[in-house]
Amino acid sequence: QVTLVESGGGLVRPGGSLTLSCASSGSIFSRDDMAWYRQAPGQQRELVASISNDFSTNYADSVKGRFTISRDNAINMVYLQMSMLKPEDTAVYYCNARYAPAVEYQFSFWGQGTQVTVSS
């Protein structure tokens, strides 16, 4: 029922900036905890940043000070602003939504991903 669609990926030079967007539909968006994950070739998927339904945020140590996650509940959107990009940021970035009304009822949904390539 829940659909997540990422956009904004592409090629960017080292030191440059890029903003990713994730549009959510089919859910009561304001109740969901949202996050961005990424997966580089040959690597496991890792958590990049999260923003809970009360707007608290957390970041991976590798992106602190460079990335900012935000959400707009009025239009069911979550964003990832990326700056000072490095080649090691190259990966497919995925949007994730989680809803856990109780320990025995936990739901997780994923978007299809958007490619970010940081290269000269």
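Student: What makes you say that the charged end of R31 sits over the ring of Y99?

Tutor: Two tests count here: the charge must be within 6 Å of the ring centre and within 35 degrees of the ring normal. In this predicted model, the charged end of R31 is 3.8 Å from the centre of the Y99 ring.

Student: Which ring does R45 lie over?

Tutor: R45 lies over the face of W110, at 4.6 Å from the ring centre.

Student: Back to Y99. Why is its pair with F107 called stacked?

Tutor: A pair of aromatic rings is described by the distance of the centres and the angle of the planes. For Y99 and F107 the centres are 6.5 Å apart and the planes are at 15°. Planes under 30 degrees apart count as stacked, so the Y99 and F107 pair gets that word.

Student: How many aromatic pairs does the structure hold?

Tutor: It holds 2 aromatic pairs.

Student: Are Y99 and F107 buried, exposed or partly exposed?

Tutor: Buried means under 20% and exposed means over 50%, with partly exposed in between. Y99 has 24% relative accessibility and F107 has 39%, so Y99 and F107 both count as partly exposed.

Student: How do you know that C22 and C95 form a disulfide?

Tutor: Their sulfur atoms are 2.1 Å apart, and the cut-off is within 2.5 Å. A search of the whole structure finds 1 disulfide.

Student: Why is that disulfide called left-handed?

Tutor: The torsion about the S-S bond of C22 and C95 is about -85°, so left-handed is the word for it.

Student: What does the C22 and C95 pair tie together?

Tutor: C22 is in strand β3 and C95 is in strand β9, so the pair links parts that are 73 residues apart in sequence.

Student: Which residues touch the most other members of the largest nonpolar core?

Tutor: Among its 26 residues, those are W36, L80, M82 and Y93. Strands β3, β4, β5, β7, β8, β9 and β11 each supply at least two residues of this core, and the largest share, 4 residues, comes from β9.

Student: What is L80 in contact with, leaving aside neighbours within four places in sequence?

Tutor: Its contacts include L18, W36, V48, F67, I69 and Y93.

Student: R38 is an arginine. Why does it count as buried?

Tutor: R38, found in strand β4, has 6% relative accessibility. The cut-off is under 20%, so R38 counts as buried.

Student: What makes the link between R38 and E46 a polar contact?

Tutor: Their side chains come to 2.8 Å, and the distance cut-off is within 3.5 Å. R38 has another such link, a polar contact of 2.9 Å with the side chain of Y93. Beyond residues up to four places away in sequence, R38 touches Q44, S62 and D89, among others.

Student: Where does M84 lie, and what is its phi?

Tutor: M84 lies in the loop between β8 and β9, with a positive phi of about 50° although it is not a glycine.

Student: What about F109: buried, exposed or partly exposed?

Tutor: F109, in strand β10, counts as partly exposed at 28% relative accessibility. Leaving aside neighbours within four places in sequence, F109 is in contact with V2, L4, C95, N96 and A97; one of these, C95, is the disulfide partner of C22.

Key:
Residues numbered from 1 in each chain as written. Predicted model: local features only at pLDDT ≥ 70, side-chain atom pairs only at ≥ 80, totals over all residues. Heavy atoms only, no water. Core = buried A, V, L, I, M, F, W, Y, C linked by side-chain atoms within 4.5 Å. Buried < 20%, exposed > 50% of the residue type's maximum accessible area, 1.4 Å probe, protein only. Contact = heavy atoms within 4.5 Å. Polar contact = N/O pair within 3.5 Å; in protein donor to acceptor, adjacent residues only side chain to side chain. Phe/Tyr/Trp six-rings, centres within 6.5 Å; stacked < 30°, edge-to-face > 60°.
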